[in-house]
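This report covers the cavities, a pocket, the nonpolar cores and a strand pair. Please look over the sequence and the structure first.

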Amino acid sequence: MTEVAPTEEFLELAGGRVHLLRGGAGEPVLFLHAAGGAGAWLPFHAQLAGAGFEVIAPDHPGFGKSDDFPEVEAIDDLVYHYLDVLDGLGLGLARPHVVGASFGGWIAAEVAVHSPHLIGSLTLLSAAGLRLPDHPVADVFLMPPAKLAAALFHDPPPPAPPAGAPAAGAPAAGAPLELDAIIAAYREATSLARFAWVPYLSDPKLERRLRRITAPTLVVAPSDDRLIPVAHARRYAALIGGADYAEVAECGHAMYVERPAAFASLVASFLASHPLAPLAESGVSR
């Protein structure tokens, strides 16, 4: 796979502006990010775009450079928000590939349940959204940053350098960008809580509705997910008719950061094997 650099765009909707990154050429792939990683074009995105797809990665409301969209208050509002995004991008009739990771995977599943005829294919990367009492999701709101970082990776990256010894290219301790990062992290945590505090990162009705999904579906899990147990991905795969299932070994929940090439290869192979049929050609009316 070659790597592709993105362009930055803003999509104007009735409730505000959506920030997005777009790169590559080919069939459209709407990528819905996890609770972290808004506004980032990572090697995973670049490699997927380089495999012959147009990757479109918007920031959720209240994340990254997207506006807050205060009227978007819960997961069902996010479904309608992304239906508006599809229309705003001109993808409402294109039946694009939709790839969602973690929190974004939950949104992707809900959109595919609500409007199955608008989704060309669905890929869920360790998606949240289900409630399995025997396999609870770790509470990210209670974890201190160091513990959360350790929980996200199979092989955690080295800890940040102490104050006064910044990494090469990083701002010195106390620089303005550090405060900006703290404010941005607080804003995004607040936005996540707005959508996922109660019930915690789940929709009690979603499990029984997954049968509505008709798009070809790939469910992928990292084998060492300490945040969303692998049992959740297996449950998704069991309840979505005809879904493919795969696990990536020696990888934690920050899957497309920790092992981008493995995840990009899996996703690209699945998408290539399920070419899109526009809505007008599928015989389905909106």
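## Largest cavity

The largest cavity is lined by L21, F31, H33, G37, A38, G39, A40, H45, A57, P58 and D59. The model is predicted. This cavity holds about 60 Å³ of space.

How many cavities of 30 Å³ or more does the whole structure have? The search finds 2.

## Second largest cavity

The second largest cavity has a volume of about 30 Å³. L30, L32, Y82, L86, V98, V111 and I119 form its lining. Two elements, β3 (27-32) and α2 (75-88), each give two or more residues to that lining.

Which classes of residue line this second cavity? The lining has 7 nonpolar residues, with no polar and no charged ones.

## Second largest pocket

The second largest pocket has a volume of about 310 Å³. Its lining counts 21 residues. Nearest the pocket's centre lie I75, D76, E110, D203 and R209.

Three helices, α2, α3 (103-114) and α5 (176-196), each supply at least two lining residues. By class, the pocket lining splits into 13 nonpolar, 2 polar and 6 charged residues.

## Nonpolar cores

In soluble globular proteins, nonpolar side chains tend to be buried together. Here the largest nonpolar core has 59 residues. Within this core, F103, L124 and Y236 touch the most other members. Helix α3 gives the most to the core, with 8 residues.

What does F103 touch, leaving aside residues up to four places away in sequence? Its contacts are H33, A34, A35, H60, F63, L78, A128, L192, F195 and L201. One of these, H33, also lines the largest cavity. A second core is separate and has 27 residues. Its members include F31, V55, Y256 and F270. F31 is also part of the lining of the largest cavity.

## The β1–β2 hairpin

Strands β1 (residues 7-13) and β2 (residues 16-23) run antiparallel. They are joined by 7 bridges. Together they form a hairpin, with 2 residues between the strands.

Which residue of β2 stands opposite E12? The residue is R17. Strand β2 covers residues 16-23, and L21 is one of the residues lining the largest cavity.

Key: Residues are numbered from 1 along each chain as its sequence is written. This is a predicted model: local features need pLDDT of at least 70, side-chain atom pairs count only at pLDDT 80 or more; totals for chains, interfaces and linings use all residues. Side-chain values use heavy atoms; hydrogens and water are left out. On a 1 Å grid over the protein atoms alone, a cavity is a set of points where a 1.4 Å probe fits but cannot get out, and a pocket is an open set with protein on both sides within 12 Å along at least five of seven lines; lining residues have an atom within 4 Å of a point. Grid points are joined across faces, edges and corners, and a volume is the space filled by probe spheres set on the points. Helices (H or I, at least four residues) and strands (E, at least two) are DSSP runs, numbered from the N terminus. Ala, Val, Leu, Ile, Met, Phe, Trp, Tyr, Cys and Pro count as nonpolar, Asp, Glu, Lys and Arg as charged, and the others, Gly among them, as polar. Two strands pair if DSSP finds at least two bridges between them. A nonpolar core is a set of buried Ala, Val, Leu, Ile, Met, Phe, Trp, Tyr and Cys residues joined through side-chain atoms within 4.5 Å. Buried means under 20% relative accessible area, exposed over 50%, partly exposed in between (1.4 Å probe, protein chains only). Contact means heavy atoms within 4.5 Å.
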